[in-house]
Amino acid sequence: MNRVAIIGGGVAGLSAAISLERRGVPSIIVEREEALGGLCGELGCKGVERCVRCDVCLARDMVAQARSSPLIERLGRAELRSVSGQPGDFRLAIRVGGQGHRLVRAAVIVCATGGEPFDAHLDKRLGYDELADVVTSLDLERQLSAEGRFLVPSTSAPPKKVAFILCVGSRDERFNTSYCSKACCKYSFKLAQGLRAIDPGCAITIFFMDWRLYDPRENVRAWASGDSGVRLVRSRPAEVLLGEDSRPEVRFASEKDAIVEVEAFDAVVLSVGLRPARSAAELARTLQVETDAHGFLRSPKGEPCASTRPGVFLAGTCRGPKEIVECVKDGAEAASKAIAFMGGVG
Ligand SMILES: Cc1cc2nc3c(=O)[nH]c(=O)nc-3n(C[C@H](O)[C@H](O)[C@H](O)COP(=O)(O)OP(=O)(O)OC[C@H]3O[C@@H](n4cnc5c(N)ncnc54)[C@H](O)[C@@H]3O)c2cc1C
Ligand code: SF4
Ligand code: SF4
């Protein structure tokens with residue numbers, strides 16, 4: 001028995017399966033949804049005129065690779081119910097949609113169940129509940145991907161002035177999310193570039209706290225300084241309210257003199273971060289692993305991709321916020337650890 005059970009078929013789980021396959025190790029991906037790809041399946045190509053290296057298509061390539069591999073079995077609409085046995089010989093009871101239960105034996109478990117985008121309804125001050133023209137980055141992403149354009153929800157007209165508010169639901173003690181979500185500076189920059197590529201006359205303001213862009217080619221300051229229609233404001237807006245002309249108004253303290261300013265936009269995009277999946281606590285109980293202070297599955301310090309239980313490894317955003325490429329690396333690392341745990345391949 002040298003099979004690995006992978007729970008979750010997003011980029012991290014797919015990367016683990018493909019890395020195992022390359023070393024001749026069979027795996028089974030247990031995925032709750034019908035389709036593989038995870039959150040990346042909901043994201044679109046952000047390159048309007050050219051590739052802007054958002055990495056979303058990595059997931060599509062990996063789904064195709066996993067589908068064509070005889071060593072990777074895939075169970076869709078399948079959810080882990082219980083785990084018995086011991087490390088080296090786990091027995092997983094899986095509920096498979098419409099077909100009852102299936103028992104899966106595996107030497108090792110890789111958990112790659114992901115996190116969730118922050119629910120913007122929770123931050124009442126930013127108006128997502130009440131103002132039609134306040135949207136999330138995911139809403140914007142879905143519309144751009146489906147229609148190749150973005151229209152102001154209340155007027156159905158192309159926007160002429162858009163604000164992005166970064167760090168929504170991240171770096172915020174109110175929601176026990178004091179961490180940086182890592183992906184949202186990068187994806188917001190690319191979405192803003194996309195809006196400008198569709199309409200070079202659309203003015204963009206980005207309210208940010210810090211820029212977390214690790215690729216030296218992604219120089220947002222150079223982009224903004226060379227383009228009069230783009231403005232960076234270092235401030236965390238206090239609230240978004242309905243203005244007199246029915247447009248959303250952003251209230252923020254200006255960086256220079258800390259005076260409260262109010263400015264109206266055609267649309268406000270809330271750049272939501274990542275938080276633990278709602279099912280993380282239950283999953284942790286099922287797998288008998290621990291969670292961290294925020295509710296992500298916990299890797300012991302200095303042991304990336306390990307969990308607190310031998311034979312169970314973690315990959316991707318189930319163990320903390322990450323960009324796609326980091327999830328791919330995590331999947332490969334979890335696969336190497338799984339192989340080492342099984343005593344090597346051979
Ligand atoms: C709006 C937005 C835009 C983003 N844009 C970018 C970008 O441009 N570039 C970038 O690098 N990153 C981006 N990210 C981050 C990126 O989406 C994540 O890093 C990545 O999708 C995480 O992959 P994952 O495999 O860890 O988890 P997921 O993609 O969440 O996959 C987890 C999978 O596990 C399944 N699952 C969960 N629980 C169970 C269970 N109990 N049993 C079976 N299956 C289960 C889920 O259905 C899902 O398919 C963005 C994030 C957001 C919110
Ligand atoms: S990396 Fe992103 S922008 Fe580039 S082609 Fe792929 S999906 Fe499009
Ligand atoms: S990646 Fe950027 S937007 Fe996201 S939480 Fe970190 S600093 Fe804020």
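Domain 1 (4–114 + 277–341) and domain 2 (119–273) each give at least three residues to the shell around ligand 1; the domain bounds come from an automatic or database domain assignment. This is a predicted model, in which local features need pLDDT of at least 70, side-chain atom pairs count only at pLDDT 80 or more, and totals for chains, interfaces and linings use all residues. Residues are numbered from 1 along each chain as its sequence is written, and side-chain values use heavy atoms, with hydrogens and water left out.

The shell comprises 35 residues, the closest being E31, L39, K46, K322 and I324; a residue is near the ligand if one of its heavy atoms lies within 4 Å of it.

The structure holds 27 salt bridges, each a side-chain nitrogen of Lys or Arg within 4 Å of a carboxyl oxygen of Asp or Glu. Three of them are listed here.

| Salt bridge | Closest N and O atoms |
|---|---|
| R149 and E147 | 3.8 Å |
| D210 and R212 | 3.9 Å |

Salt bridges that share partners join D123, D172, R174 and R236 into one network. D172 is buried, with a relative accessible area of 7%, whereas R236 is partly exposed at 34%; buried means under 20% relative accessible area, exposed over 50%, and partly exposed in between (1.4 Å probe, protein chains only).

Key:
Chains lettered and ligands numbered in written order.
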